[in-house]
Amino acid sequence: MGKMIIVASGKGGTGKTTFTSQIGMWLSSLGYLTVLVDADAGFRNLDIALGLESSVVYDYSDFMSGTSDLDDILTKSHNSENLYFIAAPQSAKTSDFDTERVKLFWDSVKSRFDFVIADAPAGMGDGFMFAAEFADEAIIVSLAETPSLRDADRVIENLENKGIETIRLVLNRVNPEQIASRVQINVDDCIDVLSIPILGIVPEDIKVAESAAKGISVTPDIQGAGQAFLNIARRLAGKSIPMMEFRRPSRKSIWSRMRKSLNKSQ
Ligand SMILES: Nc1ncnc2c1ncn2[C@@H]1O[C@H](COP(=O)(O)OP(=O)(O)OP(=O)(O)O)[C@@H](O)[C@H]1O
Ligand SMILES: [Mg+2]
């Protein structure tokens, strides 16, 4: 029986879909049979992050109505062996599905895959409930900013009330310069505020959007998001990988960059 993990957040746009796609690609390349489920019915875009938008034929509303079985609704990744995707319906509401059929759906995917990762919509609406009721574990993706942390806290409380014991935090788009200038909150304070274990810290990285547009994994390089995603996938697979340390650029390099831009504008 595989493990079902919900990826959730309080605020929108924290990077859940990006995270889910990247972690799925890495888990599958580490040899784990992985399926990613888009739980964001109506506003689905995990298919795009995986480069599968033109390959999807059926979605899980076809399974719920009984017209398709699990094999029909699975879309295989073009780039990663071991990686599959199940699309969300664009119109159907997940709260209208028959509860027994929803249970059968999650039981069936869990019995076929090592990892089942559900990309939830922000907040605690229908799509969140659809996945949260059946999740074994949760990952909260938050920015290192007060509004994002505050809303994450409410989602954590909801998941705890459902009896989910393993709830871990991913801080995304962390930027050492913004921490230094107090635009972002430092990592230790974020962990203290939410009081859940940290699973990973992902830096702000321009390569994330570039890779997402191509539906490929971000190339791992030192202190980059690609390495952070790979580290997180390894941790999910039970490996003990130290947290990435972010070095703030030295004052010298900040000054030399400022001088360069001043010279340019002169
Ligand atoms: N580490 C990162 N560095 C730079 N950009 C990032 C990073 N993570 C995500 N992004 C960008 O942030 C934006 C939002 O990401 P994404 O769509 O994954 O968020 P989401 O939490 O799924 O949003 P929603 O709540 O609407 O479902 C995207 O443009 C994505 O490329
Ligand atoms: Mg999303």
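A residue counts as buried here if 20 or more other C-beta atoms lie within 10 Å of its own, as exposed if 12 or fewer do, and as partly exposed in between, with C-beta atoms placed from the backbone. Keep that in mind as you click through this predicted model, in which local features need pLDDT of at least 70, side-chain atom pairs count only at pLDDT 80 or more, and totals for chains, interfaces and linings use all residues. Residues are numbered from 1 along each chain as its sequence is written, while chains are lettered from A and ligands numbered from 1 in the order in which they are written.

**Stop 1: the whole chain**

Show the protein chain as a cartoon and you will find 12 helices and 8 strands; these are DSSP runs numbered from the N terminus, helices being H or I of at least four residues and strands E of at least two. The radius of gyration, taken over C-alpha atoms, is 19 Å, close to the 18 Å of the globule rule for 266 residues, so the chain is as compact as a globular protein of that length. That rule is 2.2 Å times the number of residues to the power 0.38. Along the principal axes, the C-alpha atoms fill a box of roughly 65 × 40 × 35 Å. Of the 266 residues, 43% count as buried.

**Stop 2: the sheet**

Now select the strands. Eight of them form an open sheet with mixed pairing, in the order β3-β4-β2-β5-β1-β6-β7-β8; strands pair if DSSP finds at least two bridges between them. At the edges, pairing on one side only, are β3 (75-76) and β8 (198-203).

With β6 (residues 137-143), β1 pairs in the parallel sense over 4 bridges; look for V7 opposite I139.

**Stop 3**

Axes are lines fitted to C-alpha atoms, for helices over the stretch in contact, and angles run from 0 to 180 degrees between N-to-C directions. Helix α9 (residues 187-194) lies across β7 and β8, at about 150 degrees to β7.

Centre on L199, in strand β8. Is it buried or exposed? L199 is buried, because 21 other C-beta atoms lie within 10 Å. Beyond neighbours within four places in sequence, its contacts (C-beta atoms within 7 Å) are I139, R168, L169, V170, I232 and R235.

**Stop 4: ligand 1**

Which residues come nearest to ligand 1? Of the 20 around it (C-beta within 6 Å), they are G12, G15, K16, T17 and T18. Elements giving two or more residues to this shell are α1 (16-29), β7 (166-174) and α10 (206-214).

**Stop 5: two positive phi values**

Most residues other than glycine have a negative phi. N82, in the loop between β3 and β4 (83-86), has a phi near 75 degrees, and N82 is buried, with 20 other C-beta atoms within 10 Å. Finish at Q223, between α10 and α11 (225-236), where phi is about 65 degrees; Q223 is partly exposed, with 13 such atoms within 10 Å.

Conventions
Two residues are in contact if their C-beta atoms, placed from the backbone, lie within 7 Å.
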